[in-house]
Amino acid sequence: MNSRIEQALPAEQVRPRAGATPAAQTAAPPVVSVQNLSKVYASGFRALDAINLDIHRGEIFALLGPNGAGKTTLISIICGLVNASAGAVFANGHDVVRDYRAARELIGLVPQELTTDAFETVWATVSFSRGLFGKPRDDAHVERVLRDLTLWEKRNNRMMTLSGGMKRRVMIAKALAHEPRILFLDEPTAGVDVELRREMWNVVRSLRANGVTIILTTHYIEEAEEMADRIGVIHQGQLIVVEEKGELMRKLGEKRLILQLHEPLERIPPALAGYNLELRADGAELIYSYDTQAEHTGITALLDDLNAAGIGFRDLRTKQSSLEEIFVGLVGERQ
């Protein structure tokens, strides 16, 4: 992150640039702790069911789930916008209900909806948001935030004149106006083009590098795969998995051995039926899927049997399952 945002953050928010380890992160008290949280609406609909989740200080945590899974409800309760039916939430040790003011001062929220006054200027919109949290006027801080979000040249523009992508940036600027330590991004890049999305990823990484904890929900799988340190999957109000991204992919992802054949096959020989092989590319590719956690992958035996069957290959490569494939598999198991 450049020096402007670094100067804008309190010293205790700046994350060490070296020496921090996942183990050290985990040993520290969580910056957000969700304990046995449930939400049941008057209609009887159970939006959240006994959620337990700890968010580590300085991480990017991605919450994935299909529409209606409970992502926004969970964020809204943590931010104090919706009341829980049971359980408790703590932000840096402050109960979000009993100590609402102290907890809420720590939190910035970028909601899905672009809710701003169409006739206000960018400057006034961001400055007013700072005042809502009782922070004293600080034009220098507001300027730094606007510059880092490439909004400075638009500071005197009325909100109604901005593009959707620029409005989304203003929402982030509003959330950062009171210098929060925890930033919630609810579908932060919805409706923006690919180039702007990647620019916003860089902004998020810069904030994290200087100590801001980021929790984001997204329906862009590649966004979570690109940015997150850990990933949680929520489905029908239940948190079905929480795992470090690389470990999740290692544990749940299949690997595929892709063999480029010398001669296309019309069908898989009966002698190879036990390998559950798949033909692709008009018979020119042979695909073997295997469990990375298994004691034996079976690759050596497969290659021996291919040789015995007179099937030659000119190249081979492996491919790890993508996060999207893992996500679809996890949710599919719960249908």
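Modeller: Start with threonine 213. Leaving aside residues up to four places away in sequence, threonine 213 touches Val31, Ile55, His56, Arg57, Gly58, Glu59, Arg181, Ile182 and Leu183. Keep in mind that this is a predicted model.

Biologist: Which strand does threonine 213 lie in?

Modeller: Strand β8, which covers residues 213-217.

Biologist: And is threonine 213 buried or exposed?

Modeller: Buried. Its relative accessible area is 0%, and the cut-off for buried is under 20%.

Biologist: What does the side chain of threonine 213 reach?

Modeller: The backbone nitrogen of glycine 58, at 2.8 Å. Gly58 is also among the residues that threonine 213 touches.

Biologist: New topic, helix α5. Which residues in α5 are buried?

Modeller: Helix α5 spans residues 122-132, and Val122, Thr125, Val126, Ser129 and Arg130 are buried there. Looking down the axis of α5, those buried residues fall within an arc of 135 degrees, so they line one face of the helix.

Biologist: What's exposed on the other side of α5?

Modeller: Phe128 and Leu132.

Biologist: And what covers the buried residues of α5?

Modeller: The cover includes α6, residues 139-148, and α7.

Biologist: What follows α5?

Modeller: Glycine 134, with a positive phi near 75 degrees.

Biologist: Back to α7. At what angle do α7 and α8 pack?

Modeller: About 10 degrees, with the axes 11 Å apart. Helix α7 is residues 164-176 and helix α8 is residues 194-209. Angles under 35 degrees count as roughly parallel, and α7 and α8 are therefore roughly parallel to each other.

Biologist: Which residues meet there, α7 against α8?

Modeller: From α7, Gly165, Arg168, Arg169, Ile172 and Leu176. From α8, Leu196, Glu199, Met200 and Leu207. The contact residues divide into 5 nonpolar, 1 polar and 3 charged.

Biologist: Now zoom out. How many helices and strands in the protein chain?

Modeller: The chain has 12 helices and 14 strands.

Biologist: What share of the chain is buried?

Modeller: Buried residues make up 45% of the 335 residues.

Biologist: And the contacts with a separation of 6 or more, what share is from residues 24 or more positions apart?

Modeller: That share is 71% in the protein chain.

Technical notes. Residues numbered from 1 in each chain as written. Predicted model: local features only at pLDDT ≥ 70, side-chain atom pairs only at ≥ 80, totals over all residues. Heavy atoms only, no water. Axes fitted to C-alpha atoms, helices over the stretch in contact; angles between N-to-C directions. Helix = DSSP H or I, 4+ residues; strand = E, 2+ residues; numbered from the N terminus. Parallel < 35°, antiparallel > 145°, perpendicular 65-115°, else oblique. Contact = heavy atoms within 4.5 Å. Nonpolar A, V, L, I, M, F, W, Y, C, P; charged D, E, K, R; others polar. Buried < 20%, exposed > 50% of the residue type's maximum accessible area, 1.4 Å probe, protein only. Polar contact = N/O pair within 3.5 Å; in protein donor to acceptor, adjacent residues only side chain to side chain. Arc of directions from axis to C-beta.
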